[in-house]
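Here are my notes on the model, as numbered points. Please read them with the structure open.

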Amino acid sequence: MDAEHFWRTPGIVAGLESHGLTVLAPDRPRFPSGWDQEVVELGARLPSEPVTVVGASNGCTVAALLALAYPQVVERLVLAWPATGGDTLVDIRTQTGLLERGASEIVLKGLLRAETLRGVKDSELAGLGIPVAVLPSVPENPSHQRKTVDALLTLIPGGRELSGCPEPPTPDFPPHRDELVATLASFVN
């Protein structure tokens, strides 16, 4: 999934821009060797002024790691539809997909290592000293479970839950776009 299909085509970027926000929606690396590579590559694209970082699904891991690596730039964080880590059935399905795309066993082990979010220690999440919002998948699904949202809200001091919706670009998302955009714009402002 690339940023075009996840953020632009469903109208989220245009909606946020209509609220006067500047939006950067870069693609994550297609075949990363690990979470650290994603943080380095996306961190190089961060502007020098403070930003709100929004991560979706497994991108929540990258967003949280960016907030930890660049505390002088990331002033707010949204974890949208956080991917459930540490669930055997979800991990098997994810592992199968990654193997089909050519991931090595070492890369798989690093990408799937999980406490609450893959690739981030719970103690690191508990140490985030910025406003953090968590947006659940409604309805929940095997990859984006409610238990992950609840765990994040328990771990992150002052974590706040935003109104949930289906994730883009699922067929159920379009009627929720405007509410999602307004919710994100309100949190940023």
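1. Strands β1 and β2 run parallel and are joined by six bridges. Strands, like helices, are DSSP runs numbered from the N terminus: a strand is E with at least two residues, a helix is H or I with at least four. Two strands count as paired if DSSP finds at least two bridges between them. Within this pair, valine 53 stands opposite leucine 77 in β2.

2. This is a predicted model, in which local features need pLDDT of at least 70, side-chain atom pairs count only at pLDDT 80 or more, and totals for chains, interfaces and linings use all residues. Residues are numbered from 1 along each chain as its sequence is written, and side-chain values use heavy atoms, with hydrogens and water left out.

3. The chain contains nine helices and four strands. Read from the N terminus, the order of elements is α-α-α-β-α-β-α-α-α-β-α-β-α. The four strands make an open sheet with parallel pairing, in the order β1-β2-β3-β4. β1 (51–56) and β4 are the edge strands, each with a single partner, so one side of each lacks a neighbour in the sheet.

4. β2 (residues 74–80) is also parallel to β3, with four bridges between them.

5. How much of β2 is buried? Five of its seven residues are, so the strand is largely enclosed by the rest of the structure. Buried means under 20% relative accessible area, exposed means over 50%, and partly exposed lies in between, using a 1.4 Å probe and protein chains only.

6. β3 (residues 132–135) is covered on both faces. Val132 and Val134 are buried on one side, and Ala133 and Leu135 are buried on the other. β3 also pairs with β4 (residues 160–161) in the parallel sense, over two bridges. Alanine 133 has arginine 160 in β4 as its bridge partner.

7. Two β-α-β units can be traced. β1, helix α4 (residues 59–69) and β2 form a right-handed one, and β3, helix α8 (residues 146–155) and β4 form a right-handed one as well. A crossover is right-handed if, with the strands pointing away from the viewer, the path from the first strand over the helix to the second runs clockwise.

8. α4 is mostly covered, with nine of its eleven residues buried. The buried residues are Gly59, Cys60, Thr61, Val62, Ala63, Ala64, Leu65, Leu66 and Ala67. They pack against α3 (35–43), β1, β2 and α7 (122–126), where contact means heavy atoms within 4.5 Å.

9. Two cis peptide bonds deserve a look. One runs from valine 138 to proline 139, with omega near 5 degrees; proline 139 lies in the loop between β3 and α8. Another runs from proline 168 to proline 169, with omega near 0 degrees; proline 169 lies in the loop between β4 and α9 (177–188).

10. Tryptophan 81 belongs to the loop between β2 and α5 (88–100), and at 1% relative accessibility it counts as buried.

11. On overall dimensions, a compact globule of 189 residues would have a radius of gyration near 16 Å, and the chain agrees with its 16 Å. The radius is taken over C-alpha atoms, and the globule rule is 2.2 Å times the number of residues to the power 0.38. Along the principal axes, the C-alpha atoms fill a box of roughly 45 × 40 × 30 Å.

12. Buried residues make up 45% of the 189 residues. Of the contacts with a separation of 6 or more, 68% are between residues 24 or more positions apart. The chain exposes about 9600 Å², of which carbon and sulfur atoms supply 54%. Accessible areas come from the Shrake-Rupley method with a 1.4 Å probe; for residues, only the protein chains shown count as cover.
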